[in-house]
Amino acid sequence: MIHDQTGNIPGIQEADRNEKELEFSTKRDLENLKRALDKSSIVAITDKKGVIRYVNSQFCKISGYTRSELIGATHRIINSNYHPPEFFKELWKVIGSGSVWRGEIRNRAKDGSHYWVQTVIIPFLDEEGLPYQYVSIRNDITKRVEAEQKLKENEERFFLVAENVSDLIGIFNRDGRFDYLSPSVETLFALDLESMMKTKLKDWMPEEDWVMLQQEMKEISDHLKKISKMEFRIVQTDGTPLLLETTINPIHDKDGKVSQYAFVARDITERKKEDELIHQLAYYDSLTELPNRWLFVERLLEELRKAHRDGLRVAVMIVDLDRFKMINDSWGHETGDLLLRKAAGRIKESLRENDLVARLGGDEFTILLPGILDDSFVVQIAERIQQSFQQPMQLINHCLTISCSIGYSISNPDSADDFSSLLSQAAAALDTVKDGRRGEYAAFTPEMKAKSNERTLLESELRKAIEEDQFILHYQPKVNFARMELIGVEALVRWEHPELGIISPAKFIPLAEETGMIIRLGEWVMQEACRQMEEWMQAGLPIHRISVNVSMKQLFQLHFAQMVQTILEETGLVPSLLEIEVTESAFMDVHNASTILEKVRGLGVHITIDDFGKGYSSFSYLKELPVDTLKIDKLFIDGIDQDKDSKAIVKAILTIAETLDMRVVAEGIETVGQAAELLTIGCDCGQGFLFSKPLSEPDLRKFLEDGFKPEGWH
């Protein structure tokens, strides 16, 4: 026999080591099994009389009892009294015979709540085959049992609802034969339930709708769809068609195949009509019945995706009707509306079938031209549209020929141009046409983009300027040039940019109007003008009134009159020292303008119509307006000493103003000849470069000190 150096026999030593490793491994596995069981299941050991000798932590956690409360007690401590005594007699009978018992038990926790457990009770047998203790392993199934109970309750409710609901509920098989129908079918189909059950669903459907339904059924059967939501028509016994909104669910047989279809259907005939009306209102212009901006943008996005995929291009046009505002103001909105409808028709007739024309608002129309191969086609469309406008239009009592200006932009086939860029580029091209010669067309160019970028930058800077109070006021004197006396000043806003210096209002006021920033800017101007006027009054300066220009957007903003009153109260200015100037364009809505101005005039503020005479309907609405002063537009003053027509118009304005007890101020007087002619016909008040340009506040004080008799005045 071979021994190692320690005197041990190698084979025996190896066997001992393997036995110890097996023992250790088994012990470790049992501990892991116990740990896993403790984490997932409720474990208890009782003696043969049912007294609890061991519980794990999970038992304590679920029941709410401590280990000391459970050990020594019986399972009666968690008895919920849900199960009858016979239930537990049968349980003890099974385990007492040495068999394993399996079942579900509802127990009661310490706090009185109930929980369900899936239970296995295993008897441990002695040498004689009799149980001496029991191990119970339980798993919490409360949620499952509650779900099953709820499902049962829901099934009961379903049949209760199905028998009383107004929606149609039913079950049909593959060929459309009904296996169940709710009583509501009698109302929907005007046929009794018994007779209806003898028919098939396809008997009530148009052929194309039945084919569509069969396709949905096939996709459900092939597991391509879990459920189907669809709309189909049925035809009632009197021939009236109804549209049903239907949800279809499969019913599977024991082999998992779809054998029937359950459905819930609702009559949406009237709702569909309402939806179509809402869609019409949401996506179409009510005046021209053309698509509006929302529908245009949706279609444009779709066509851009197609063009990018197919390597084609898309063109966007904007068409603007020339002189539309003048026609609308002169001949009224009814004529203007008719003009827009006729223009929409002519544009539409000039396009292809798949082209789209929309009205974005006002007198502008947008056109979408998909699938463009070359620029020449867009030019052809533009020329075709402009040629269509050369034919006179009959508008109520007027026969009119108008022109249109067109700007357009074409997408890049190598990139998915965004819709906003195409629209802004077309708008930039249109602006270029309108700034030059109207009645023409132009394609967008990079130079226009630079101009557009400049405008965007200006808009950003303007917002910043309003936030940082970069504005100052200049004041242009108004004089009685017969007596050479100052009668007031007009407050004119100037932008004092920290880097660019003074920016002319001609550059930023239109932008402020377009973007709505004129509201905040206009309020600041009025506040500053009233503050400055009150300061002059305290200083005793001979300035009798300060006037402030008010745009349409300002005038029609909510609570405009209240805003004016608040500013007067905050600055302490006497209301009669303030004058607001409103352009004639504000009186397109005479009723609302009159109502607002009446409130302002009621405060004691003076009202002036600025640029008077431009609109042909001016005289007709004067008698309806609460106005103190008419300010004659510079257009008529420029030629008054040479043009007899201008002189005649000014004389007519003076006559009407005198009749209505209104003052008249002439603006834009630049020469002694103009002033002399105005005096000759009875106008003695005005403003213009002849007397003074707009002045800063310090320069205005100096102007008052030095006097202001113009050179050459006698």
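Reader: Which element gives the largest share of the lining of the second largest pocket?

Author: Keep in mind that this is a predicted model. A lining can be read element by element. Here β19 supplies the largest share of the second largest pocket's lining, with five residues.

Reader: How many residues line the second largest pocket, and which lie nearest its centre?

Author: Its lining has 32 residues. Nearest the centre are Glu490, Leu492, Pro505, Asn549 and Asp610. Two or more lining residues come from each of several elements, including β19 (485–497), β21 (546–550) and β23 (606–612). The helices α16, α17 (518–539) and α18 are also among them.

Reader: How much space lies in the second largest pocket?

Author: About 830 Å³. For the largest pocket, the value is about 1800 Å³. That pocket is lined by 42 residues, and Glu364, Asp431, Lys434, Arg455 and Glu514 are the closest to its centre.

Reader: Which element gives the most to the lining of the largest pocket?

Author: That is α14, with ten residues. The helix α14 spans 419–435. Other elements supply at least two residues each, among them α15 (446–468), α16 (505–515) and β11 (313–321).

Methods. Residues numbered from 1 in each chain as written. Predicted model: local features only at pLDDT ≥ 70, side-chain atom pairs only at ≥ 80, totals over all residues. Heavy atoms only, no water. 1 Å grid on protein atoms, 1.4 Å probe; cavity = no way out; pocket = protein on both sides within 12 Å on 5 of 7 lines; lining within 4 Å. Points joined across faces, edges and corners; volume = space filled by probe spheres on them. Helix = DSSP H or I, 4+ residues; strand = E, 2+ residues; numbered from the N terminus.
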